[in-house]
Amino acid sequence: MISSDGPARGTTSVDHRAAIAVETARFVAAVENADATTPVPSCPDWTLQDLVRHTGSVQRWFSVLLHTRVQEPPRTRDVDLRLPERWEGYADWLAESATVAAEAFAATDPELSMWAWGVDQHARFWARRMLYETLLHRVDAEVALGIRPAIDPALAADGIDEFLVNLPFATPFAPGVARLRAPDRTIRFQATDTEAGGDWLVRLRPDGFGLDPAGTANGPADATVRGTAADLLLLVYGRLRRDAESIAHEGDEGLLDLWFGNSAF
């Protein structure tokens, strides 16, 4: 069985709803005068147009889930996207997608009980998930366009936490996650630029894995990975390689091979 070691870890100071608007605006600014056919190296076989369409579609689909207060896994992802016929309208369309999301947030109590594919079965799950979908794809777009991306450390730390607490539930679309098991082995992810919330201990067990509760990640781990919160966020999402100069790691390399070979989604 693959499980999380308990509920979502504490509260976060990040305003996910507001951050979505900021990240979308940065995404729009990057792509509004760009070539639609620009390849996106971090999303193989995608062009910039594919990336923008995907991100706006996710925002609009999540908004439908919020409006309908979905209580079980949806049977379809069909959404009226109102996608422009020409690339020239895509930047404005992406900006409008964030407005659609903001309207859904305004109409939905974040504490409302809802179905979610991850650990947090409340409406707030979808805002947090939408934020990191948007942020990562904003970074994808900037890298594709030769722009050096910047990520706020507090936002990056929250994004790492969001990734790790939800990963045990990702097997329906990331089957490799089912292989993340071992006889009580631990991996520590340690951010070097955040004083609070910058230390995560993942415990692999024979029946699955989970993130140890915040504040209990003391003592040595079987493997440790260190970097700034931004670099760790890009690392866990497969946007940065483990052998990058900005990443330090030590301990059981076979355990790290197991993790990074099966944790992508």
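A crossing of two helices is left-handed if the near helix is turned anticlockwise from the far one by less than a right angle. The legends below describe close-up views of a predicted model.

**View 1. Helix α2 passes helix α3 in a left-handed crossing.** Helix α2 covers residues 48-68, and helix α3 covers residues 90-106. Their axes come within 9 Å. The crossing angle is roughly 20°. Angles under 35 degrees count as roughly parallel, so α2 is roughly parallel to α3. From α2, the contact residues are Gln49, Val52, Arg53, Thr55, Gly56, Ser57, Gln59, Arg60, Ser63, Leu66 and His67. They meet Tyr90, Trp93, Leu94, Glu96, Ser97, Ala98, Val100, Ala101, Glu103, Ala104 and Phe105 of α3. By class, the contact of α2 with α3 has ten nonpolar, eight polar and four charged residues.

**View 2. Helices α5 and α6 cross with left-handed geometry.** Helix α5 spans residues 153-166. Helix α6 spans residues 229-236. The two axes come within 8 Å and cross at roughly 30°. On the α5 side, the contact is made by Pro153, Ala156, Ala157, Gly159, Ile160 and Phe163. On the α6 side, Ala229, Ala230, Leu232, Leu233 and Val236 take part. The contact of α5 with α6 counts ten nonpolar residues, one polar residue and no charged residues.

View 3. Asp158 has a relative accessible area of 6%. Buried means under 20%, so Asp158 is buried.

**View 4. Ala221 sits in the loop between strands β3 and β4.** Strand β3 covers 208-211, and strand β4 covers 223-227. The relative accessible area of Ala221 is 22%. Leaving aside neighbours within four places in sequence, Ala221 is in contact with Thr186, Ile187, Arg188 and Leu201. Gly251 can also be located from Ala221. Ala221 and Gly251 are 30 residues apart in sequence. Their C-alpha to C-alpha separation is 7.9 Å.

Key: Residues are numbered from 1 along each chain as its sequence is written. This is a predicted model: local features need pLDDT of at least 70, side-chain atom pairs count only at pLDDT 80 or more; totals for chains, interfaces and linings use all residues. Side-chain values use heavy atoms; hydrogens and water are left out. Axes are lines fitted to C-alpha atoms, for helices over the stretch in contact, and angles run from 0 to 180 degrees between N-to-C directions. Helices (H or I, at least four residues) and strands (E, at least two) are DSSP runs, numbered from the N terminus. Angles under 35 degrees count as roughly parallel, over 145 as roughly antiparallel, 65 to 115 as roughly perpendicular and the rest as oblique. Contact means heavy atoms within 4.5 Å. Ala, Val, Leu, Ile, Met, Phe, Trp, Tyr, Cys and Pro count as nonpolar, Asp, Glu, Lys and Arg as charged, and the others, Gly among them, as polar. Buried means under 20% relative accessible area, exposed over 50%, partly exposed in between (1.4 Å probe, protein chains only).
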